[in-house]
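Subject: Structure for your review

Dear colleague,

Please find below the structure that I am handing over to you.

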Amino acid sequence: PFMNIKLKNNTITNSKTNKIIYLTEAENYILVKLFNEKNVKKTLLERDALQIKQQLNTSSMESHLNRIRKKLKKITSHFTILSRDNTVYLEIINQDK
């Protein structure tokens with residue numbers, strides 16, 4: 001568990017509210033990688049999670065990241081994902097706003 005979030009069997013669960021949302025294989029891979037490493041090169045995620053060759057220019061990774069952001073928000077997690085300078089970051093957000 002990561003603060004109020006549990007990742008298990010391609011789902012994320014908010015342990016405080018018991019809200020559950022399902023993830024695709026790629027979304028699950030990306031999120032687990034980010035929770036373990038906090039920041040990851042986007043090209044690495046594209047290669048490993050999406051099997052995209054590095055020379056391709058694609059917005060597919062951003063689409064996946066946007067879907068994960070929405071899912072994290074939907075279950076009221078304390079996390080969001082930032083993408084900056086070809087690196088993807090897991091960031092803790094303040095829920096008290």
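The largest nonpolar core has 22 residues, and those with the most contacts inside it are Ile12, Ile30, Leu31, Leu34, Leu72 and Ile81. A nonpolar core is here a set of buried Ala, Val, Leu, Ile, Met, Phe, Trp, Tyr and Cys residues joined through side-chain atoms within 4.5 Å. At least two residues of this core come from each of H1, helix H2 (42–50), H3, strand S5 (79–84) and strand S6 (87–92). H1 provides the largest share, five residues.

Please note that this is a predicted model, in which local features need pLDDT of at least 70 and side-chain atom pairs count only at pLDDT 80 or more, while totals for chains, interfaces and linings use all residues. Residues are numbered from 1 along each chain as its sequence is written, and side-chain values use heavy atoms, with hydrogens and water left out.

The secondary structure comprises three helices and six strands; helices (H or I, at least four residues) and strands (E, at least two) are DSSP runs, numbered from the N terminus. Along the sequence, the pattern is β-β-β-α-β-α-α-β-β. Of the 97 residues of the protein, 40% count as buried, where buried means under 20% relative accessible area, exposed over 50%, and partly exposed in between (1.4 Å probe, protein chains only).

Two helices deserve a separate description. The axes of helix H1 (residues 25–37) and helix H3 (residues 60–74) come within 10 Å and cross at roughly 80 degrees; axes are lines fitted to C-alpha atoms, for helices over the stretch in contact, and angles run from 0 to 180 degrees between N-to-C directions. H1 and H3 are therefore roughly perpendicular to each other, a term that covers angles of 65 to 115 degrees. Ala26, Glu27, Ile30 and Leu31 of H1 make the contact with Met61, His64, Leu65, Arg67, Ile68, Lys71 and Leu72 of H3, contact meaning heavy atoms within 4.5 Å.

Two individual residues may also be of interest. Leaving aside neighbours within four places in sequence, Leu34 is in contact with Asn39, Val40, Ile81, Val88, Tyr89 and Leu90. Asn10 is found in the loop between strand S1 (5–8) and strand S2 (11–14), and counts as buried because its relative accessibility is 19%. With neighbours within four places in sequence again set aside, the contacts of Asn10 are Ile21, Tyr22, Leu23, Thr24, Glu25 and Asn28.

Yours sincerely

Methods: Parallel < 35°, antiparallel > 145°, perpendicular 65-115°, else oblique.
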